[in-house]
Amino acid sequence: MAGFYNMDQKEVIRIKVKKCDGKTQAEYKKFSIDPQITSFEMLQGILAKAFEIRSDFTISYMTYDSEGQNVYQSMLSDWDMDAAFQCASEPYLKLRVDVRLFEDLEDWDVIAPVEIPHHQLLGLVDKHSILSAVTGSITHKLVRTVSSMQRAMGFKHPENGVTKPAKLPMCDTEFRNYLDSSGFMIKPNEFRQSVYQGGIEHSLRRVAWRHLLSIYPAHLSSKDRFRYLKCKEEEYRKLKEEWCEKLRNGAVMEEVKHVVNMVEKDVLRTDRSHSFYSGSDENKNTLSLFHILVTFALTHPDVSYCQGMSDLASPLLVTQKNEGQAYICFCALMRRLHTNFTTEGSAIMMKFHHLSELLNMYDPVLYEYLLQNSAGDMFFCYRWFLLEMKREFPFNDALHVLEVMWATLPHCPPQHEIKLADAGYSCQLLSTSPGSPTFSQQHNMYTKLLALRRGGILHRGTQTANSTASVIPRANNNMSTYSLSHCDDVRTNRSSISSFDTSPSDREVRDTSFPKIDHSVTYCVHQKLDNIQKIDNIRHVLKNRQLYEHFSTHFRIIDIKATDTSPKAAGLNLITPKTLSPLASRYLPFRAETDKSEITKNLSDSLISDCQEATEEFGSSETTCSLFTGTPVRDPSKLPPPQEFGAGNPFLMFLSLTLLLQHREFILSQEMCYEEIAMYFDRLVRKHDANHTLQFTRQMYMEYLRAQQANVKEDEDLEFNLNF
Amino acid sequence: MSNSRRNSGTRPGAAGGRIQQAKLVLLGDQGVGKSSLALRFVRGQFPEHSEATVGAAFLTQTILVQGQSLKFDIWDTAGQERYHSLAPMYYRGAQAAVVVYDINNANTFNRAISWVRELRQQTAVNTVIVLAGNKADLASEHRAVPTEDARVFAEETGLIFAECSAKSGLAVNEMFMMIAHKIVGKHASPNSSQGVQLTGGEEASSSGCKC
């Protein structure tokens, strides 16, 4: 929302607008808006209404260039609008509207003037008369329906028009409470819980994000952390210098140059409208982003570079303001997210599937509608998953959403240190020719990996050998791989990719867990169905009582404490780090060290009360449910457990669900087809309201955790029975 | 992604006439300006630092051609090679494909050539394929692909060819208009398509040579 961050609290912005269409004389209008509650979209709506513009138009605002000359700068987002408000000159902020004329507008999908999300408009109608004119175009009936809908959903803004976070963002003083006098992080779960509820003050993000992303091993004093960080920064500097040096000398193979080119193309267009990356293409921050991504790609050939990574790294650099530190954070983030970028796409496919399952549970009407319109696969949510919502909110709000989401993930410090490069990496691998014959095998492997990642095709030829394996063991393998992927040491042990000289068979098994996308069109479609089918199978199998025992050795060992003494579990304790605490505590931002009963207590005490508050404030969930279905049958305990749901990020699933529900009415009322839905959400890039979205997501997420917690308890009872 | 519902369908227009729909797909290497060309055509805008497309984007634009309304459903795809395998979902059933390269970067031209080959193999013979050399505004200093090379390739392969600039707007609307003419014309008389392409190519390239 405009003016939420870093803004002088101007109560009102007076605006003078000049409208030009290149044919008729310019028109002028004046009005004023409240910067606290006006989004860019609303401004578009106001302007469209004020000048009765029925076609597309662009907005620009007057500002001063470096020489103090008046210039019009285009306004394309909330970000730009904030900037315009900031530099609004007295007595008016001068805007210019340029209209484009078309012969045939009737059929053109002009979304701008009518696309304002209703919940934003409706929240404003009562108090801000200037906007009531805008809503005039919406029929009374629709307003009433949407309004009651949104009230029930909790989507309607509270009376003041601004959704406030559940608590104030964490400040430095509060943060110190989670550390002891020597700077040991003594309350990691309380820390996460607080971030979950209110986020972090911007000035504290630099420090707090490092904890949130688990870059430090456990039990470090502040002095030790400082030394660790310096040591890691130095390690990064060397990694970077090595490839830079080789690149300067031209002593690198083609694949390396290709990576460099790909990264260069993307960093030059990543968040360049943000002041941090603005200026010339050679600005130092864009260059830092470039270094981070190339270093990561070359030192992690199994992941390499993939579009989208620059979006993930950019906020880290903005927050850390230091290339080395941002790189360390990026490595920590990619420990969890690398599966999103692997070419077989199993993690992403699973997210698509889980979201459709979730939507079906919460809003069967919308789900059915999407199914009928070929959108049941949820492919239009791809960007949400790949970038974890980074592009869906205005930049500063996205930082807030990211930290809240990270706070829901298990605290998983690296056992010894965070790895900045794959185990088998050495800079000699970058060279055009390998030195010694023994080295050449590794070199070949490295080159192949980069090439494979570039093309996105993984050893097609070797597929047949594994394709005969039954679904269950493969699924099993896949599940355990990403269930445990949070933990560095486990990943390293399990992944053959980290050392290049091992046989590729392990990876093939993992990669073929879900078939790869082929060039052939029909294969694509079939495969999509296949994947979903397979996930279904897995889930079915999981639910199958007969196989319960078999799977308990693979799954429940994660859920149940390592102290579990059952013989079935004991045999597999080796692959489960002892630090793994019970399922719920790994996913809930509350104490992990406590015993089970206390966890339940904790849950009910703090988080559920938070949930209840939200429910009271925003209307009961039962109403919501009955509104959608007529039959309140939503049972989140039937959803996959947290370490599995959304491929390990259940909160992201609920965030996605919220975005869908916020716009369900519009999608349904406009009878949008797949393409229109995709286009609609494209237009909403950086326009969602973070606080409002989070508020509602938290509510549903808590409901889910509570239900899952009950499941764990049931499972424990079952386990107990099985043991006797 | 299925959009059979909308492919080349016609539906009643606002003025009572029929509106023809056409699916168009933009293909080409990463960073050649696919999204920018689409935005220039659809919104007349050129954002200076257009972000990398994640997944794919969809846009529409309706134009009037030969007294007939034609609505383009434009699929703008992600360019990175890693996403290549998803492309068939987008070009399947497309009436037109615009294969974009950066005239200042020879590698992107090679990639365009392989796109054209794939399209020729995988799509119907009457699919209108356009070879678009983008970023003509930078060509005076940085050109890496001679116009002649691209034109010869286009003529041999029966493509419409244009050098254009999403930034300056040069030849962008003309290129889409030409596609529209081909599609509308094809609809009127399906047998007359093959010969016109080369003529189209010459027109387009001549308009592109003004730079």
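What percentage of the 211 residues in chain B do buried residues make up? The answer is 63%. Keep in mind as we go that this is a predicted model. Chain B is built from seven helices and seven strands, and reading from the N terminus its elements follow the order β-β-α-β-β-α-β-α-β-α-α-β-α-α. If you look at the contacts in chain B between residues at least 6 apart in sequence, 72% of them join residues at least 24 apart.

Let's move to chain A and begin with a sheet. Five strands form an open sheet there, in the order β2-β1-β5-β3-β4, and their pairing is mixed. At the edges sit β2 (27-33) and β4 (70-75) of chain A, each of which pairs on one side only. From one strand to the next, the twist averages 30°. For a detailed look, take β1 (residues 13-20) of chain A, which pairs with β2(A) in the antiparallel sense over seven bridges. In this pairing, A:Arg14 stands opposite A:Ser32 of β2(A). A helix accompanies the sheet: α2 (residues 78-86) of chain A lies across β1, β2, β3 (57-64), β4 and β5 (93-99) of chain A, and runs at about 150° to β4(A).

Further along chain A, two helices are worth a visit together. The axes of α14 (residues 346-362) and α29 of chain A come within 10 Å and cross at roughly 55°. An angle in that range makes α14(A) and α29(A) oblique to each other, and the crossing is right-handed. On the α14(A) side, the contact involves A:Lys351, A:His354, A:Leu355, A:Leu358, A:Leu359 and A:Tyr362. These meet A:Met653, A:Phe654, A:Ser656, A:Leu657, A:Leu660 and A:Leu661 in α29(A).

Helix α30 (residues 674-683) of chain A is mostly covered, with nine of its ten residues buried. Among them are A:Tyr674, A:Ile677, A:Met679, A:Phe681 and A:Arg683.

Conventions:
Residues numbered from 1 in each chain as written. Chains lettered and ligands numbered in written order. Predicted model: local features only at pLDDT ≥ 70, side-chain atom pairs only at ≥ 80, totals over all residues. Heavy atoms only, no water. Buried < 20%, exposed > 50% of the residue type's maximum accessible area, 1.4 Å probe, protein only. Helix = DSSP H or I, 4+ residues; strand = E, 2+ residues; numbered from the N terminus. Axes fitted to C-alpha atoms, helices over the stretch in contact; angles between N-to-C directions. Parallel < 35°, antiparallel > 145°, perpendicular 65-115°, else oblique. Left-handed = near helix turned anticlockwise from the far one by under 90°. Contact = heavy atoms within 4.5 Å. Pairing = 2+ DSSP bridges.
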